[in-house]
Amino acid sequence: MNIDNYKAYISAETMMGPNSVRILAELLERHPLRLAPDDAVLDLGCGTGLTSLIIARETGAKVFANDLWMSAEENGRRFAGWCVGEQITPVCEDANDLHFEKKQFCALVSIDSYHYFAGNEGFFQEKILPFLKDGGEVLIGIPGLKDAYADRAEELLSDWLGDDAYMFKSPKGWKELIGGDRIEVVETWEMDCFSQAWEEWLATDNEYARGDRKYYETLIKPYTCFVGVYIKLK
């Protein structure tokens, strides 16, 4: 995908952290989703829907854009304004209590949100796997700890993240949490887009970005990474 095609949509209003478009682009380059117009994709934790727009445009599939913090009405207005309202269905549900049909989705994508709700053992198997079709694929991009600092999140990151530091896990840590009888492949890695995605976020005039700037050089840059996760089902 060409990120330049989406520059007009990337702003302090649509970004909710390090550039999600940059993270999604790396995932799609490494593991392209080859989908048909009738296929359904779940964008889990879609925020303002920026990633949903790109998934829709890049794959041509139907997208269900789910987020707990953004109302379906607000995202629906955004999708209509972006001329993708007929292709994207906005949803507002808790990831721990989704109400989709069993095996509804050919793919699931989650950018910069999965760590908020999926850090417990068994979450993927119990809360996500039932909604994925056989042969389905999962692409996840989330902030985490470099493998060299595995299991030291609270020690290293509490000044920045407070009580949320425990959410940051290493690529190896996330791989250990993914499991289930229907899984064929699980791949995790430290993503290459870390510096650029962070720089684009920190350059915005956003109050959360201003807060992150204080910790970027001392905590974020030396200890953290973006964790890429790819899952292929049997």
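This is a predicted model: local features need pLDDT of at least 70, side-chain atom pairs count only at pLDDT 80 or more; totals for chains, interfaces and linings use all residues.
Reader: Which salt bridge has its two residues about one helical turn apart?

Author: That is the one between the side chains of Glu217 and Lys221, with 3.9 Å from N to O. Both residues lie in helix α10 (residues 216-223), where being 4 residues apart separates them by about one helical turn. Glu217 is exposed, with a relative accessible area of 54%, while Lys221, at 40%, counts as partly exposed.

Reader: What distance, N to O, is found for Arg210 and Asp205, and is Asp205 buried or exposed?

Author: The side chains of Arg210 and Asp205 meet in a salt bridge at 2.6 Å, N to O. Asp205 is exposed, with a relative accessible area of 63%, and Arg210 is partly exposed, with 38%. Salt bridges can also be joined to one another, as with Lys103, Asp134 and Arg182, which are linked in a network.

Reader: Turning to the nonpolar residues, how many residues does the largest nonpolar core have?

Author: The largest nonpolar core has 53 residues, and those with the most contacts inside it are Ile23, Val109, Leu157, Trp198 and Phe226. Helix α1 gives the most to this core, with 6 residues. To see how one member is surrounded, look at Ile23: once its neighbours within four places in sequence are left aside, Ile23 is in contact with Pro18, Ile111, Gly141, Met191, Cys193, Ala197 and Phe226. There is also a second, separate core of 32 residues, which includes Leu42, Ala95, Cys225 and Leu233.

Reader: How should I read a pair of aromatic rings?

Author: A pair of aromatic rings is described by the distance of the centres and the angle of the planes. By the rule applied here, the count comes to 18 aromatic pairs. In one of them, the rings of Phe100 and Phe131 have centres 6.1 Å apart and planes at 85°, so the pair is edge-to-face. This pair links distant parts of the chain, with Phe100 in the loop between β3 (88-91) and β4 (105-111) and Phe131 in the loop between α5 (123-128) and β5 (132-145), 31 residues apart. Phe100 and Phe131 are both buried.

Reader: Which aromatic pair is tilted, with 45° between the planes?

Author: Trp198 and Tyr216 form that tilted pair, at 5.8 Å centre to centre. This pair, too, links distant parts of the chain, since Trp198 lies in helix α8 (residues 194-202) and Tyr216 in helix α10, 18 residues apart. Trp198 is buried, with a relative accessible area of 3%, and Tyr216 is buried as well, with 8%. Both rings belong to one aromatic cluster formed by Trp160, Phe168, Phe194, Trp198, Tyr216 and Phe226.

Reader: Over the face of which residue does Arg30 lie?

Author: Arg30 lies over the face of Trp189, at 4.0 Å from the ring centre, and this is the Arg30 that forms a salt bridge with Glu187. At 40% relative accessibility, Arg30 counts as partly exposed. Another case is Lys169, whose charged end sits over the ring of Trp174, 5.8 Å from its centre.

Reader: Finally, in what sense do strands β1 and β2 pair?

Author: In a regular strand the side chains alternate between the two faces of the sheet. Here strand β1 (residues 40-44) pairs with β2 in the parallel sense over 5 bridges, and Asp43 has Ala65 as its bridge partner in β2. Of the 5 residues of strand β2 (residues 62-66), 4 are buried, so this strand is largely enclosed by the rest of the structure.

Technical notes
Residues are numbered from 1 along each chain as its sequence is written. Side-chain values use heavy atoms; hydrogens and water are left out. A salt bridge is a side-chain nitrogen of Lys or Arg within 4 Å of a carboxyl oxygen of Asp or Glu. Buried means under 20% relative accessible area, exposed over 50%, partly exposed in between (1.4 Å probe, protein chains only). A nonpolar core is a set of buried Ala, Val, Leu, Ile, Met, Phe, Trp, Tyr and Cys residues joined through side-chain atoms within 4.5 Å. Contact means heavy atoms within 4.5 Å. Rings of Phe, Tyr and Trp (its six-membered ring) pair if their centres lie within 6.5 Å; planes under 30 degrees apart count as stacked, over 60 as edge-to-face and the rest as tilted. A charge sits over a ring if NZ of Lys or CZ of Arg is within 6 Å of the ring centre and within 35 degrees of the ring normal. Two strands pair if DSSP finds at least two bridges between them.
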